Amino acid sequence: MNIIKKIKSFFKKTPGFTVKGSCKKCGNCCRNITFMIGKDYLTKQEEFERIKKLDSRYNNFFISGKDENNALLFTCKSLKDDNLCSCYAFRSLYCRLYPKIEVKQLRAGAEMPEGCGYYNESNVKFKEFLK
Ligand code: SF4
Ligand code: SF4
């Protein structure tokens, strides 16, 4: 396999990632987050009102802004002023799994929130792959 094909196949592969670091308790993963319905980000308040009727868990969030791509940003109502969770023992499975992010999300450009103490490290070393 030539070098170009090797590089292309490296990025087509789904390397494993290891989460490293620790939580600094900044609360940034609970504020200004985006939601996707299918392949699209929520961009309209009417859409948000509609999905709240379909899934009551969305009632735990309020609209806190918009990002540069016009996607609505949401903040969890359980986040306290001290950046801690008021329902920590009863938080959702999604919150419990965080900061585990699916590889496809990482490859789509998903990053940890600003200031987060966690980071993702690939298990596959690029140099090793080329050997
Ligand atoms: S339930 Fe708690 S951990 Fe989950 S998003 Fe809300 S504040 Fe954060
Ligand atoms: S953004 Fe990262 S460091 Fe901040 S509270 Fe969430 S997991 Fe912890």
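This is a predicted model: local features need pLDDT of at least 70, side-chain atom pairs count only at pLDDT 80 or more; totals for chains, interfaces and linings use all residues.
Trainee: Where does Asn 83 sit?
Mentor: You'll find Asn 83 in the loop between strand S5 (72-76) and H3. Helices (H or I, at least four residues) and strands (E, at least two) are DSSP runs, numbered from the N terminus.

Trainee: OK, back to Asn 83. What's its phi?
Mentor: Asn 83 has a positive phi of about 70°, although it isn't a glycine. It counts as partly exposed, at 26% relative accessibility. The cut-offs are under 20% relative accessible area for buried, over 50% for exposed, and partly exposed in between (1.4 Å probe, protein chains only).

Trainee: And what about the phi of Lys 25?
Mentor: Lys 25 isn't a glycine either, and its phi is positive, near 55°. Look for Lys 25 in the loop between strand S1 (17-21) and strand S2 (36-37).

Trainee: Is Lys 25 buried or exposed?
Mentor: Exposed, with a relative accessible area of 54%. Lys 25 is also one of the residues around ligand 2, along with others including Cys 23, Cys 26, Tyr 98 and Cys 116. Being near means having a heavy atom within 4 Å of the molecule.

Trainee: How does the shell around ligand 2 split by class?
Mentor: Seven nonpolar, two polar and two charged residues. Here Ala, Val, Leu, Ile, Met, Phe, Trp, Tyr, Cys and Pro count as nonpolar, Asp, Glu, Lys and Arg as charged, and the others, Gly among them, as polar.

Trainee: And which residues are around ligand 1?
Mentor: Cys 30, Cys 76, Ser 78, Leu 79, Cys 85, Cys 87 and Cys 95. That shell has six nonpolar residues, one polar and no charged.

Trainee: You mentioned Tyr 98. Is its peptide bond to Pro 99 cis or trans?
Mentor: Cis, with omega near 15°. Pro 99 is in the loop between helix H3 (93-97) and helix H4 (103-107).

Trainee: New topic: how many salt bridges are there?
Mentor: Four, taking a salt bridge as a side-chain nitrogen of Lys or Arg within 4 Å of a carboxyl oxygen of Asp or Glu. Among them, Asp 55 pairs with Arg 57, with the closest N and O atoms 2.9 Å apart. Asp 55 is partly exposed at 21%, whereas Arg 57 is exposed at 58%.

Trainee: What does Lys 52 pair with?
Mentor: Glu 49, at 3.4 Å from N to O. They're three residues apart in helix H2 (residues 45-54), so about one helical turn separates them. Glu 49 is partly exposed, at 31%.

Trainee: Which residues of H2 are buried?
Mentor: Phe 48, Ile 51 and Lys 52. Seen down the axis of H2, they fall within an arc of 110°, so they line one face of the helix. That arc is taken from the directions from the helix axis to the C-beta atoms.

Trainee: What covers them?
Mentor: The cover includes S2, strand S4 (61-66) and S5, with contact meaning heavy atoms within 4.5 Å. The face of H2 turned away from the buried side carries the exposed residues Glu 46, Lys 53 and Leu 54.

Definitions and conventions:
Residues are numbered from 1 along each chain as its sequence is written. Chains are lettered from A and ligands numbered from 1 in the order in which they are written. Side-chain values use heavy atoms; hydrogens and water are left out.
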